[in-house]
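Welcome, and have the model open beside you as you read. We will go from a strand pair to the helices and then to the ligand.

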Amino acid sequence: MGDWAMLTPGPEPADPWTVRCVLDRESALARGAAGTGATEHVLAANVDVVWVVQGLDTPLNPRRIERYLAVVWESGAAPALVLTKSDLCADVDRVRAEAERIAVGVEVRVLSSTDPASISSLRTTLRPAGTVALVGPSGVGKSTLVNLLSSTAEAATSQVRSGDRKGRHTTTRRELYRIAGGALLLDTPGVRELRLWSVEDGLDQAFPDIETLTGHCRFRDCSHETEPGCAVLAAEAAGVIDPDRLRSYRKLRAEAEHQRLKEDPLAKKAALSERKTALKTMKFHQKDRADY
Ligand SMILES: Nc1nc2c(ncn2[C@@H]2O[C@H](COP(=O)(O)OP(=O)(O)OP(=O)(O)O)[C@@H](O)[C@H]2O)c(=O)[nH]1
Ligand SMILES: [Mg+2]
Ligand SMILES: [Zn+2]
């Protein structure tokens with residue numbers, strides 16, 4: 001979804017058009033496919049901006065937002081964090097501030113379907129021919145937002161469950177809507193969690209606060225776990241970095257590395273032989289010690 005193709009019309013107006021070629025993708029929002037996650041699933045191609053949509057009717061889930069942002073940055077599209085249902089949140093200012101701490105350097109927008117001004121303000125960010133994809137869990141109001149922004153869209157919506165406020169997976173396939181002014185909105189089915197797919201730079205972009213510190217670690221290949229002279233650990237100890245955020249960064253990094261090895265047999269082989277060499281060196285040292 002979202003690929004651009006070159007078509008040529010047939011000789012007669014009623015003739016079918018022929019697809020000449022599909023243009024190279026400028027961005028691809030990809031995640032590990034459901035199940036094993038061993039294959040790539042492109043959610044959307046050629047998207048300029050991705051709105052990571054979360055509802056304020058439930059507490060903010062920082063770890064989920066970080067994961068979404070890493071995937072979006074990696075895609076080449078620019079993320080924005082869109083917090084819906086502000087009418088159901090008692091403490092919007094506090095939550096907004098918390099969101100800004102999590103989504104470092106990302107625009108955070110707070111809105112409600114009941115507040116037309118907040119919707120108009122979001123509309124002003126749309127660009128002609130620009131494509132915006134909406135991603136986020138089921139029930140957060142993605143399709144509602146599409147309908148509010150477009151005068152013609154009639155995307156189906158349905159109420160969240162009253163107990164846990166979970167959505168009902170109303171949108172079941174990706175759907176592109178053209179809206180007045182020429183922007184395109186891509187509504188997607190809700191997904192609770194995005195499995196990482198070959199995220200490398202995206203992770204650093206989602207954690208710029210940690211990324212800037214890594215350059216100051218004593219070792220270039222510092223894993224920021226136990227190494228001496230680690231600037232990240234020092235920042236954590238000084239209370240500059242939230243330990244939960246650091247845990248999340250480590251977890252996502254480990255997951256991305258695991259995914260990379262799964263995707264790339266050569267990298268896996270290299271990692272294995274590296275481990276073997278390390279093991280041999282260890283044995284060698286043990287032998288040395290036994291000689292003493
Ligand atoms: N109070 C309130 N309700 C909202 C708001 N935005 C959406 N809703 C309601 O939330 C419910 C779910 O909205 P949908 O637009 O279907 O959610 P979705 O994200 O498209 O869900 P899926 O298609 O299942 O992924 C609907 O009953 C909406 O009316 C809002 O800002 N405030
Ligand atoms: Mg929907
Ligand atoms: Zn370090």
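Seven is the figure to look for here, as 7 bridges join strand E5 (residues 49-55) to E6, and the two run parallel. Strands pair when DSSP finds at least two bridges between them. Helices (H or I, at least four residues) and strands (E, at least two) are DSSP runs, numbered from the N terminus.

This is a predicted model, in which local features need pLDDT of at least 70, side-chain atom pairs count only at pLDDT 80 or more, and totals for chains, interfaces and linings use all residues. Residues are numbered from 1 along each chain as its sequence is written, while chains are lettered from A and ligands numbered from 1 in the order in which they are written.

The protein has 9 helices and 10 strands, and 30% of its 292 residues count as buried. Buried means that 20 or more other C-beta atoms, placed from the backbone, lie within 10 Å of the residue's own.

| Element | Residues | Buried |
|---|---|---|
| H1 | 62-75 | 11 of 14 residues |
| E6 | 78-84 | 6 of 7 residues |
| H4 | 142-149 | 7 of 8 residues |

Helix H1 reaches 20 Å from its first C-alpha to its last, close to the 20 Å expected at 1.5 Å a residue, taken as 1.5 Å times one less than the number of residues. Its buried residues include Arg67, Trp73 and Glu74. After H1 comes Gly76, with a positive phi near 95 degrees.

In H4, Lys142, Ser143 and Asn147 are among the buried residues. Elements covering the buried part of H4 include E5, E6, helix H3 (116-123) and strand E8 (131-135).

H4 also gives the most to the shell around ligand 1, with 3 residues. In total 25 residues surround ligand 1, the closest being Gly141, Ser143, Thr157, Thr171 and Gly190; a residue counts if its C-beta atom, placed from the backbone, lies within 6 Å. The shell has 4 nonpolar, 17 polar and 4 charged residues, with Asp, Glu, Lys and Arg as charged, Ala, Val, Leu, Ile, Met, Phe, Trp, Tyr, Cys and Pro as nonpolar, and the others, Gly among them, as polar.

Finally, confidence: pLDDT (the predictor's confidence in each residue, from 0 to 100) averages 83, and 80% of the residues score at least 70. Over residues 281-292 the pLDDT is below 50. Where pLDDT is low, the predicted coordinates should not be read in detail.

Technical notes
A residue is buried if 20 or more other C-beta atoms lie within 10 Å of its own, exposed if 12 or fewer, and partly exposed in between; C-beta atoms are placed from the backbone. Two residues are in contact if their C-beta atoms, placed from the backbone, lie within 7 Å.
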